[in-house]
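Me: I'd like a close look at a single part of this protein, with the surroundings sketched in after that. Here is what I have open.

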Amino acid sequence: MRSSSSRLISILYHFLSISLGASLHNVLSRVKAHPQTYPAIDIAYSSTDPIREPVTLQLSSNGLRLRFDGPDQRLRLIEVLDFTKIPLVYKNQEVLKGGKPQERAVSHQGPSFGHIYHRLFGLSYPGEYRPPTNQSPYGTYVLSYPGVAFSFPLQHSAWSDQCDFVALLSSSAALPATSMAIFQGDSWPEAQGRLFTQEQKYPRNPALAGKNRESVPDEIEEFNILGAGKLEVIRRSSPTSYITLSETTPQDLVAEFGPPDAIYRKHDRRITIHRAAGGGGEDHIHLSPPPGRGINVTDTDQSSNNSGTEDSDEELHQPHNLDPSSLPTECFLNYFHHGFDAFVSYPTTPGPAFPGSDLQDPSPPSPSTQLVVTKIILHGNVPGSYPFNRHRRSRWKIKLDSSGDAVSSETRYDEISERLREVWKGSYTNPAEERALQRPMVLNRGWGDSPESSVEFLGGWEESTGKGQRPGQDSHDGGLGNTELFGFPGLLFEVMKNSAVSCLTVY
């Protein structure tokens with residue numbers, strides 16, 4: 001049997017199949033689209049390190065547990081914990097069928113060893129026996145095939161290294177399987193040590209593994225942010241492509257990544273910036289740092305974080321036959337399944353090159369009526385963040401110099417900030433300007449009658465979620481969805497309280 005046998009097992013339940021390698025965004029979106037089939041969905045993740053630690057999706061009503069790696073959020077392990085709650089089929093043969101009546105009455109009616117060995121998968125190498133960890137008379141025998149493993153309760157008193165495992169598991173000392181694991185690898189002992197770190201051979205989008213994969217745009221593996229408004233886009237199978245801010249057109253994006261999943265129309269409305277506590281009334285603050293050197297906050301109101309309610313002046317719609325030439329001025333192209341948004345407007349001057357890189361600072365563009373991409377918003381899809389599961393996770397690296405030194409989407413912002421401060425040291429006119437431009441603002445996505453219809457910056461961040469009164473890492477902010485915004489030349493980071501970067505805007 002080939003090591004790809006795990007792809008041949010279909011977990012079928014009301015025509016929904018789940019495949020190894022699929023993204024958390026893809027799986028969770030499909031599961032949530034069938035609430036009657038999947039009535040209970042529980043997500044477990046590390047509140048202190050949600051990016052690097054695995055994410056677990058528990059479907060208790062369906063007897064399934066799905067485990068994803070943290071950095072790439074791809075499905076690494078499918079566990080069947082209750083065989084009675086979901087049909088399992090392998091090569092048109094039911095996995096559960098064939099057990100004796102007395103066997104089917106116990107242990108969640110799992111398949112017997114005889115059915116697995118004689119009717120489904122055939123010959124196998126000896127498995128792995130695990131003694132009981134408590135006072136139970138049963139240990140666990142893990143029978144492993146390429147990509148599939150079954151766990152059988154086995155009487156500890158009957159176990160011996162000298163026993164024929166086929167005869168032992170066929171005897172009354174063994175009960176039917178209590179669980180099944182589907183994974184990538186030749187055997188469970190070989191795979192479990194590198195389950196969440198090995199290179200994934202299957203695509204994030206199951207459509208890319210189907211017959212119509214040629215009509216589906218190739219998925220993005222990673223963005224390399226080079227500075228000076230240039231981004232290198234690493235694809236799974238296609239050649240590397242590039243996005244150059246104020247030069248790349250909507251037509252270029254469609255040619256490379258396919259039509260967007262949605263278009264968000266942005267009219268002439270600016271984000272309200274509230275004055276810090278202590279002042280009377282509400283003042284609008286205009287930031288005017290040197291060109292390309294500060295925080296541009298006028299367009300962080302990204303499409304996907306809004307619902308386009310009747311009270312808002314934005315509109316979100318699904319494109320069918322997109323004609324880029326008919327796009328409205330200032331709109332976002334939403335690529336939910338690629339993990340990014342592109343802001344389309346008239347040409348502006350992108351951020352400067354990183355000091356020490358081989359690139360030159362971009363020149364101011366000539367006046368033009370041609371719509372171009374002026375910002376790229378890369379979404380982290382961090383569990384616990386306000387916009388979680390609107391996009392699949394986008395991975396990126398910021399190339400700090402020509403030697404290849406970089407920080408990534410998995411780097412804590414504390415470290416990113418330290419590295420970028422060193423890179424831009426001496427680029428500001430004075431220390432006061434540096435402090436002012438790197439002072440965080442609080443971004444609130446959760447207030448108001450329509451919490452998704454607007455984005456506001458809150459002044460007085462020290463009094464709300466900032467220094468001195470910031471909640472602990474394991475606490476919650478009462479659903480406000482507050483994050484902090486930090487700016488460096490050409491970059492705007494949206495950072496959660498656990499120092500995970502929820503969103504990065506490149507401008």
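This is a predicted model: local features need pLDDT of at least 70, side-chain atom pairs count only at pLDDT 80 or more; totals for chains, interfaces and linings use all residues.

Is Glu-221 buried, partly exposed or exposed, and what is its relative accessible area?

Reply: Glu-221 is partly exposed, with a relative accessible area of 24%; the cut-offs are under 20% for buried and over 50% for exposed, so 24% falls in between.

Now for its partner. The side chain of Glu-221 meets that of Arg-204 in a salt bridge, at 3.0 Å from N to O. The two sit in distant parts of the chain, 17 residues apart: Glu-221 belongs to strand β12, while Arg-204 is in the loop between α5 (188-191) and β12. Arg-204 is buried, with a relative accessible area of 3%.

Salt bridges that share partners tie Arg-204 and Glu-221 into one network with Asp-72, Arg-74, Glu-219, Arg-236, Arg-393, Arg-395 and Glu-410. The structure as a whole holds 20 salt bridges.

Two other salt bridges make handy references. Arg-76 pairs with Asp-69, and their closest N and O atoms are 3.0 Å apart. Arg-76 counts as buried at 8% relative accessibility, and Asp-69 is buried too, at 2%. Glu-415 and Arg-419, by contrast, meet at 3.8 Å, N to O. Both lie in helix α7 (residues 413-423), 4 residues apart, which is about one turn of the helix. Glu-415 is partly exposed at 40% relative accessibility, and Arg-419 is partly exposed at 24%.

Strand β12 (residues 220-227) runs antiparallel to strand β13 (residues 230-235), and 6 bridges join them. One of the facing pairs is Ile-225 in β12 with Leu-231 in β13. Zoom out and you get an open sheet of 5 strands with mixed pairing, in the order β14-β13-β12-β20-β21. The edges are β14 (241-244) and β21 (406-408); each has a single partner strand, so one side of each is left without a neighbour in the sheet. From one strand to the next, the twist averages 20°. Helix α6 (residues 250-257) lies across β12, β13 and β14, and runs at about 160° to β14.

As for packing, the largest nonpolar core has 46 residues, and Leu-66 and Phe-150 have the most contacts inside it. Apart from it lies another core, of 39 residues, and this one includes Leu-231, along with Cys-331, Leu-333 and Phe-340. That brings us back to the bridge partner of Ile-225.

Strand β19 (residues 372-379) runs antiparallel to β26 over 4 bridges, with Leu-378 opposite Leu-504. Strand β25 (residues 491-495) also pairs with β26 in the antiparallel sense, over 5 bridges, and Glu-494 has Cys-503 as its bridge partner there. The hairpin of β25 and β26 has 5 residues between the strands, and Ser-499 in that hairpin takes a positive phi near 75°.

Conventions: Residues are numbered from 1 along each chain as its sequence is written. Side-chain values use heavy atoms; hydrogens and water are left out. A nonpolar core is a set of buried Ala, Val, Leu, Ile, Met, Phe, Trp, Tyr and Cys residues joined through side-chain atoms within 4.5 Å. Buried means under 20% relative accessible area, exposed over 50%, partly exposed in between (1.4 Å probe, protein chains only). Two strands pair if DSSP finds at least two bridges between them. Axes are lines fitted to C-alpha atoms, for helices over the stretch in contact, and angles run from 0 to 180 degrees between N-to-C directions. Contact means heavy atoms within 4.5 Å. A salt bridge is a side-chain nitrogen of Lys or Arg within 4 Å of a carboxyl oxygen of Asp or Glu.
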